[in-house]
Amino acid sequence: MDDLLDGPEDGSRLEQTKIETHGWGGRLFELQDNDGQWAGGAFVPAGFTEQKWREEGQPWTATCWTLAQLREFGLDPGCACARRTVRLIGENSRWDHDGERYWDGEVEECINGRTIADGAYFGVDISPIVQRLLNERQQDGGWNCERANGSRVSSFDTTISVLEGLLEYERRVGVTPQTRAARRGGENYLLSRRLFRRLSTGEIVDTQYLEFSHPNHWRYDILRALDYFRSASKFDQSEPDQRLAEAIAQVRRKQQADGRWLMDWKVRGRRWFELDPGPGQPSRWITLRALRILKWWEAAQQ
């Protein structure tokens, strides 16, 4: 309603009020633990072992993934369910890394980027995590969650997570010279690589960056990156960067004859329920992202 139909704002706000009790949002709250978490853990479910990870893949039912999904659904951050959840998570949830309090973040930049986005959206003071990420930028402008293990170059996956978090922070809390400079540096890291090419050779970094999935969780693809740049452009009131043109062409190329886009692949791992039919089938979420990206891009080219 907001991105494609240009309908009245009061109509979309009315729909937003239904998310906590109806459909997928309502189902997620039915699955919530009494202590405010989901599946008994912050990053992975309680009792989930390395052997299960090898057998099943990474699980997506724990608190951080579910909270991010509710944000993407558009849950009203001021509703009673959201306020209760934020409070209980702060009181009870601890990160698997070293028992850090949930809203204090942990060591990995990709996790902290998502925590900033969720915290800012739901009204939590996460400024200490923001400052931490500002101090953890790589020399090439982006971020890498392997920094703690010695990495000195950025990654696409981590950088997009941090950029999304910083944008949500600026939108909800406010812009500072430091956040703006960091966001510009991360954006340039992706733009100088045309969102999917190596800076050194121009070769495609990973062909899966051109394949679409949803939810992305921590994984990068050009559709996710373009959706970030669309949101940032609208927030900054700036024109699209022309270095996005090649990625835009890739999105257009993948549109089907009926106007929709397919899910190309699905991440392994347990989830609460499916949001789309699966790989090879039309995806409403991917189609929504693609359509709003092209609408934004084409409007700017006129």
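Predicted model: local features only at pLDDT ≥ 70, side-chain atom pairs only at ≥ 80, totals over all residues.
The cut-off in use calls two cysteine sulfur atoms a disulfide if they sit within 2.5 Å. Cys 110 itself is buried, at 9% relative accessible area; here buried means under 20%, exposed means over 50%, and partly exposed covers what lies in between, with a 1.4 Å probe and protein chains only.

How many disulfides does the structure hold? The count is 0. Cys 81 is in none either, with the sulfur of Cys 79 as its nearest cysteine sulfur at 5.5 Å.

Residues are numbered from 1 along each chain as its sequence is written, and side-chain values use heavy atoms, with hydrogens and water left out.

## Overall fold

The protein has 12 helices and 0 strands, giving the pattern α-α-α-α-α-α-α-α-α-α-α-α along the sequence. Both kinds of element are DSSP runs numbered from the N terminus: helices are H or I with at least four residues, strands are E with at least two.

For 302 residues, a compact globule would have a radius of gyration near 19 Å, and the protein agrees at 19 Å. That radius is taken over C-alpha atoms, and the globule rule is 2.2 Å times the number of residues to the power 0.38. Along the principal axes, the C-alpha atoms fill a box of roughly 50 × 45 × 40 Å. Of the 302 residues, 52% count as buried. Among contacts (heavy atoms within 4.5 Å) with a separation of 6 or more, 64% involve residues 24 or more positions apart.

## The second largest pocket

Which residues lie nearest the centre of the second largest pocket? They are Phe 43, Glu 108, Cys 110, Cys 145 and Glu 146, out of 22 lining residues. Helix H6 (109-121) and helix H8 (156-172) are the elements that give two or more residues to this lining, and H6 has the largest share with 3 residues. By class, the lining has 10 nonpolar, 6 polar and 6 charged residues. Nonpolar takes in Ala, Val, Leu, Ile, Met, Phe, Trp, Tyr, Cys and Pro, charged takes in Asp, Glu, Lys and Arg, and the others, Gly among them, are polar.

The pocket holds about 500 Å³ of space. Rolling a probe the size of a water molecule over the atoms shows where empty space is left. In grid terms, on a 1 Å grid over the protein atoms alone, a pocket is an open set of points with protein on both sides within 12 Å along at least five of seven lines, a cavity is a set where a 1.4 Å probe fits but cannot get out, and lining residues have an atom within 4 Å of a point. Points are joined across faces, edges and corners, and the volume is the space filled by probe spheres set on them.

## The loop between H9 and H10

Most residues other than glycine have a negative phi, and most peptide bonds are trans. Where does Arg 194 lie? It is in the loop between H9 and H10, with a positive phi near 55°, and it is partly exposed at 34%. Leu 195 is found in that loop too, with a positive phi of about 80°, but Leu 195 is buried at 0% relative accessibility.

Pro 215 also has its place in the loop between H9 and H10, and a cis peptide bond joins His 214 to Pro 215, with omega about -5°. Glu 211 is found between helix H9 (177-191) and helix H10 (222-236) as well, partly exposed at 31%. Leaving out residues up to four places away in sequence, Glu 211 touches Asp 221, Lys 254, Asp 264 and Trp 265.

## Lys 52 in H3

Lys 52 sits in helix H3 (residues 50-56) and is partly exposed at 33%. Beyond neighbours within four places in sequence, Lys 52 is in contact with Gly 47, Gly 57 and Arg 270. Pro 77 is 25 residues from Lys 52 in sequence and 34 Å away in space, C-alpha to C-alpha.
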